[in-house]
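Reader: I'd like to go through a model with you, one question at a time. Could you put the sequence and coordinates up before we start?

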Amino acid sequence: METKNTDASASEPTTESKVAAQPAVEPESTVEAESQSTAAQATANTAQDTTSTLSTQNKATPWGTIVTLFLLLILTFAAVAGGYYLYQQLLTQQAESAKLSQQLQAALIEPNKRIAMLEQQQGQFKSTVDLAMAQSLEQQTQLEERVSIIAQRNPNHWRAEEAKYLVRLAGQKLWLEKDPSTATSLLKAADERIKSMRDPSLMPLRKALAKDIAAVAAVKNTDISGTVLTLDSIIDNLDKLPLNRAETHFSAEELADTQVSDSLDDWQSNLSKSWQALIDDFVIVRKRTTDAAPLLEPDQQWYLVENTKNKLLQAQLALYRQDQVNYRNSIKLARKWIFQYFDLKDQQTTDALATLDALETLKIQSTSIERFQASNLLNQLVTYGNLMTEETQ
């Protein structure tokens, strides 16, 4: 009976130690915590075996059991503390991983926006290119249609277009360049183009061209460019024209009376002549039957030449503007100044006055033609391919 009680008492601590040695398993532990728990359990089992062995050997010593239980508690506490520490490290790593994930997502927000904006711009550019391509295709189609229409025309259409261009060019020569001779030649060339078409229905057009040719040929051609060049030559030679000067003319008898002879017998007359010459150097008295020409100071002479040039330039401007009144007034005033202040005995002065007299009689002819009669008919021929009669209109 005592043996049974002893065995029972010896086995009870073993069961309690097994229960105490089993660690609490937490559901959120990692693989490392499980390994530590397994190691602690193995240690506990080893300690249990050791305790059971000791208890078998020393059944009568309860202190060994107490020490063994204390050691088992320490090992269990150490295992639990290690598992808790590992669990806290795992939580810290998870928090850092979540933080890094948030930072990564925040850093990817701007690139994602940039990518979305680039995709939007690409879509807009694609739509613009598509629209431009569609417009280009439409324009190409219209151009092909025009080319096909032009290709279907006969040579008479080209001749009509050429005649219309020649008439337009004749108008520019007549109204802008004041060249009626060239305008007449261009109108005749347009009539030749209409004639080469050999179409009897175009006789009204040829009659209108004939009237325009006769009207332009009746316009007298004023040589504006030649007149301008003539005025330029007068302006260039104006600085070379001599001005009027006060002249003193001595007769042969007066010159002979002032000469001193070489004879000693004429000393009285020589003395008288020398005295008279000395007096004449101080006081000179001349008798004139005509008015003396006015004299000009050097600065006034420069103003005279420049004002005369200015009047001739005004005459050129009036000539270009076809202003007959201002043209003649400018020529008259320039001629008056040259006649009054320049030397009339010089050949250059007389030639300039003669040229101005000829230019003063120039008549500037202005055309009264406002529009060619053939213009409307040519527009009808080019637009419709034939002339429109009154019934058709």
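Reader: Which residues in the largest nonpolar core touch the most other members?

Author: Quick ground rules: this is a predicted model, where local features need pLDDT of at least 70 and side-chain atom pairs count only at pLDDT 80 or more, while totals for chains, interfaces and linings use all residues. Numbering runs from 1 along each chain as its sequence is written, and side-chain values use heavy atoms, with hydrogens and water left out. A nonpolar core here is a set of buried Ala, Val, Leu, Ile, Met, Phe, Trp, Tyr and Cys residues joined through side-chain atoms within 4.5 Å, with buried meaning under 20% relative accessible area, exposed over 50% and partly exposed in between (1.4 Å probe, protein chains only). The largest core has 26 residues, and those touching the most other members are Val 167, Leu 187, Ile 194, Leu 205, Val 216, Phe 372 and Leu 381.

Reader: And which element gives the largest share of this core?

Author: Helices are DSSP runs (H or I, at least four residues), numbered from the N terminus. Those giving two or more residues to the core are α4 (155-175), α5 (180-196), α6 (203-217) and α13 (374-384). The largest share is 6 residues, and it comes from α4.

Reader: Let's look at α13, then. Which helices do its buried residues pack against?

Author: The buried residues in α13 are Ala 374, Ser 375, Leu 377, Leu 378, Gln 380, Leu 381 and Val 382. Several of these show up around Leu 205, whose contacts (heavy atoms within 4.5 Å) include Ala 374, Leu 377, Leu 378 and Leu 381. For the buried residues of α13, the packing partners are α4, α5 and α6.

Reader: Is Asp 191 buried or exposed?

Author: Asp 191 forms a salt bridge with Arg 206, the closest N and O atoms being 3.2 Å apart. That pair links helix α5 to helix α6, across 15 residues. Arg 206 is partly exposed, at 26%. With a relative accessible area of 14%, Asp 191 counts as buried.

Reader: How far apart are the closest N and O atoms of Lys 332 and Glu 360?

Author: Lys 332 is partly exposed, with a relative accessible area of 46%. The two residues form a salt bridge, with the closest N and O atoms at 4.0 Å.

Reader: What about the surface: which residues make the nonpolar patch of about 380 Å²?

Author: Patch members have over 30% relative accessible area and no salt bridge; like charges are joined within 9 Å, and nonpolar side chains (Val, Leu, Ile, Met, Phe, Trp, Tyr) within 5 Å. Areas come from the Shrake-Rupley method with a 1.4 Å probe, and for residues only the protein chains shown count as cover. One member, Ile 74, lies in helix α3 (residues 63-152) and is partly exposed at 42%. The patch is made by Val 67, Phe 70, Leu 71 and Ile 74.

Terms used. Salt bridge = Lys/Arg side-chain N within 4 Å of Asp/Glu carboxyl O. Lists of a residue's contacts leave out its neighbours within four places in sequence.
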